[in-house]
Amino acid sequence: MAILEAPLRLRLDGDALARNWRALDRLSGDAACGAAVKADGYGLGVTQVVPRLIDAGCRDFFVATWAEALEIAEMTEGLSLTVFHGVRAADMPAAKAGHARPCLNSPEQVQRWQQMGGAPCDVMVDTGMNRLGLTPEQVSGGILKGLNVHTLMSHLACSDEPSHPLNRQQREALAWIGERVSAKRLSLANSAGVALGSDYAFGLTRPGLSLYGGIQVPRLENEIASVVAVEVEVIQRRTAKAGETVGYGATFRAPANTELAILHIGYADGYLRGFSGSGMAHFGEVECPVVGRVSMDLIAVSVDACPQVAEGDWIAVDYDLPTAAAQSGLSQYELLTGLGRRYQRLWI
């Protein structure tokens, strides 16, 4: 079967990915710096992300599910791999293979793992997120007795707001619990948490978003480089005459004859409707604003400033994460993990 070149592609900068991890590792101080690679490496392709992070020096990896763990089990052999969502009854056959540790989140998961005869595990304790995790009272009450706890962790709820009082409360709560649990190390900081300072690093940091170019707090602005560039082929060139409308809902009306390029990208590719009338593309150095509503597979951009654009040309769609988040109203996490399967993924 012939392999067809897709009309949209991601240019992924492997050097930037490695530099981002090294920057976060430096900011982690004496703590080890891991990497969250769940959701297919935040949408970039986990089997390409993990080897590059290993080459950069990363030795601790985190996924959400056992299916994700099995996908990278061979390449992380001999390293540390944790499944954030713990272990369901259905997960036990995979867990018994020993490729990864579960992060236990509930009394039921603890009870399930106590049958494993001392196999190592991680544990999540909830210090203010009210999402996953045992309560501090459960942990201090001895629920972990008999378990071989490798990493005791919690998760910051407001790390992208450095002055939020909950950050300090969660840090102090984990430190208090850590004094009452026999664990090899403690872990609290995600990407933005790394930027909060050494008090939050404990023994291990767990960055995710910033590895891939996300910047949530000012301290990371000069540390983190963009990893993802989106390029899309022009399917058609056309002119919208003065007074004509463009796209669903007729949300854009041409004030004068307007040169358009129609691009093969839309919300099925993770370029969601928040970019309607606000997104930006570039042909070389020339700005090409998105006009009209984003549809499932298509957008229109104005090429008045570069009328030489022709069918078959490639246009870069702005995807610097902080900028694109401001344009679209989407979170940087959504922008990454929503990238669809139709892109060519070209690592450079």
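Helix H10 (residues 321–328) has its buried residues at Leu 321, Ala 324, Ala 325, Gln 327 and Ser 328; buried here is under 20% relative accessible area, with exposed over 50% and partly exposed in between (1.4 Å probe, protein chains only). They sit on the same side of H10, because the arc they cover around the axis is only 160°, taking the directions from the helix axis to the C-beta atoms. As background, an α-helix has 3.6 residues a turn, so residues three or four places apart point the same way. The buried residues of H10 pack against strand E15 (280–283) and helix H11 (332–337), contact being heavy atoms within 4.5 Å. Helices (H or I, at least four residues) and strands (E, at least two) are DSSP runs, numbered from the N terminus.

This is a predicted model: local features need pLDDT of at least 70 and side-chain atom pairs count only at pLDDT 80 or more, while totals for chains, interfaces and linings use all residues. Residues are numbered from 1 along each chain as its sequence is written, and side-chain values use heavy atoms, leaving out hydrogens and water.

Over to strand E7 (residues 120–124): four of its five residues are buried, so E7 is largely enclosed by the rest of the structure. Strand E6 (residues 101–104) pairs with E7 in the parallel sense over two bridges; pairing takes at least two DSSP bridges between two strands. Leu 104 has Val 123 of E7 as its bridge partner. E7 also runs parallel to strand E8 (residues 148–153), joined by five bridges, and Pro 120 stands opposite Asn 148 in E8.
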